[in-house]
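Good morning, colleagues. I would ask you to look first at the model on the screen, and then to follow me from the single chain to the interface.

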Number of protein chains: 2
Amino acid sequence: MLLPESIQSLITALERLPGIGPKSASRLAFYLLRASEDVAQDLSVALANLKANTAFCQECFNITEAGRERCEVCESPKRDGAVVCVVEEALDVLALERTGGYQGKYHVLQGVLSPIEGIGPDDLKIKELVARVANGEIKEVILATNPSMEGDATALYLQTQLKQYGVHVTRLARGLPMGGDLEYADQNTLLRALSGRQEMS
Amino acid sequence: MLLPESIQSLITALERLPGIGPKSASRLAFYLLRASEDVAQDLSVALANLKANTAFCQECFNITEAGRERCEVCESPKRDGAVVCVVEEALDVLALERTGGYQGKYHVLQGVLSPIEGIGPDDLKIKELVARVANGEIKEVILATNPSMEGDATALYLQTQLKQYGVHVTRLARGLPMGGDLEYADQNTLLRALSGRQEMS
């Protein structure tokens with residue numbers, strides 16, 4: 001009641017975002033009020049255009065510009081169509097691209113199996129992955145779902161689904177992260193690092 | 001280059017907000033992409049309307065609806081015009097109102113003295129506060145700037161400015177916060193709690 005309607009509705013809209021609670025929401029709203037006009041305007045326009053200007057690649061389900069059928073990676077003649085890296089989200093594609101070390105293609109599941117949240121195989125782009133593999137061009141499928149309970153379960157499920165097609169199914173290596181500290185590594189990570197130890201050449 | 005233009009511009013706009021780094025910005029952008037259409041739309045509309053629908057109260061410089069000259073507090077006949085609580089920001093007014101224990105009026109400085117950031121007395125609503133006090137109706141000025149270096153310096157400066165008008169100038173009490181733990185209190189807080197100790201009745 002003390003706040004003008006326009007601020008209250010902005011706070012309410014901000015609160016619906018993940019990781020933004022009531023306090024951050026009001027702090028952001030008041031920041032936007034003080035900031036120059038174009039900060040709020042740019043954000044408003046970007047939000048309004050968001051959905052209209054994006055689409056999903058019909059091959060790998062990565063995000064792409066509206067009107068395009070396939071994403072940049074799938075269209076590129078330089079990428080190796082024999083290797084497909086399966087990730088949970090479009091953000092993971094970005095992370096892998098940033099490494100500059102991957103030349104294959106992708107497949108974005110758009111989520112992860114999670115019985116608790118009621119997300120089953122049919123809610124993900126698993127059928128589509130199986131269809132791509134069944135096509136025969138793919139030789140290796142790298143399962144790059146997150147190293148979490150759900151990610152591991154999804155990888156396991158995908159493995160059983162893909163077995164019959166005779167493709168090479170691999171999973172990203174586990175171990176100590178770069179810059180990590182042995183002393184602070186959790187025991188699962190350390191166990192994985194031990195069991196996956198590699199010969200030094 | 002890998003991201004569609006519409007997502008990249010949303011990420012850029014989100015990154016300009018305080019407390020939101022590149023990672024949170026892309027996470028939020030992808031969340032908005034997946035979320036139902038109206039989450040992004042509501043936010044977009046609220047942002048577009050923000051500045052057009054708000055104004056500052058011409059008496060206390062709190063935020064109010066556009067077209068109103070004075071805010072709800074200043075207009076209320078129930079509020080005691082003899083007491084004015086000076087705060088840094090409109091959010092502080094909200095915090096004090098939430099306590100339900102204050103019946104006076106407010107004065108929002110719209111910032112705090114900060115030589116490092118180049119914010120001097122002329123950048124704040126200090127002239128306007130002095131003018132209100134000079135008017136004669138006010139008997140007590142409660143300095144409720146934050147208990148920080150800048151807040152304390154601002155309070156000190158205001159005290160010197162207001163001295164000549166013979167008003168009662170007070171500062172919010174310092175001490176241990178409710179639910180706090182003596183063991184974890186920093187030494188300044190503990191020192192203030194000691195020196196400000198009160199007789200139990």
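Helices (H or I, at least four residues) and strands (E, at least two) are DSSP runs, numbered from the N terminus. By that rule, chain A has eight helices and six strands. Along the sequence their order is α-α-α-β-β-α-β-α-β-α-β-α-β-α.

A word on conventions. The model is predicted, so local features need pLDDT of at least 70 and side-chain atom pairs count only at pLDDT 80 or more, while totals for chains, interfaces and linings use all residues. Residues are numbered from 1 along each chain as its sequence is written, chains are lettered from A and ligands numbered from 1 in the order in which they are written, and side-chain values use heavy atoms, with hydrogens and water left out.

Let me begin with the overall dimensions. The C-alpha atoms of chain A fill a box of roughly 65 × 50 × 35 Å along the principal axes. The radius of gyration is taken over C-alpha atoms, and the globule rule is 2.2 Å times the number of residues to the power 0.38. For 201 residues a compact globule would come near 17 Å, but chain A has 22 Å. Of these 201 residues, 40% count as buried, where buried means under 20% relative accessible area, exposed over 50%, and partly exposed in between (1.4 Å probe, protein chains only).

I turn to the interface. With contact meaning heavy atoms within 4.5 Å, 53 residues of chain A touch 53 residues of chain B. The two chains bury about 4,900 Å² between them, 71% of it on carbon and sulfur atoms; buried area is the accessible area (1.4 Å probe) that two parts lose on being put together, summed over both.

Next, the charged pairs. A salt bridge is a side-chain nitrogen of Lys or Arg within 4 Å of a carboxyl oxygen of Asp or Glu. Over all chains, the search finds 20 salt bridges, and six are found across the interface of chain A and chain B. Which elements of chain A supply at least two residues each to the side that touches chain B? They are α1 (5-15), α2 (22-34), α3 (37-50), β2 (63-65), α4 (72-75) and α5 (90-99). Helix α3(A) gives the most, with 13 residues. By class, that side has 31 nonpolar, 10 polar and 12 charged residues; Ala, Val, Leu, Ile, Met, Phe, Trp, Tyr, Cys and Pro count as nonpolar, Asp, Glu, Lys and Arg as charged, and the others, Gly among them, as polar.

A:Arg34 pairs with B:Glu89 at 2.5 Å, N to O. B:Asp42 meets A:Arg16 at 2.9 Å, N to O. B:Asp42 lies in helix α3 (residues 37-50) of chain B and A:Arg16 in the loop between α1 and α2 of chain A, so this pair joins two chains. B:Asp42 is partly exposed at 35% relative accessibility, and A:Arg16 is partly exposed at 35%.

Finally, within chain A, the side chains of A:Arg79 and A:Glu97 form a salt bridge (2.8 Å, N to O). A:Arg79 is in the loop between α4 and β3 (80-87) and A:Glu97 in helix α5, so the pair ties together parts 18 residues apart in sequence. Are these two residues buried or exposed? Both A:Arg79 and A:Glu97 are buried. Elsewhere, a network of salt bridges links A:Glu59, A:Arg70, A:Lys105 and A:Arg132.
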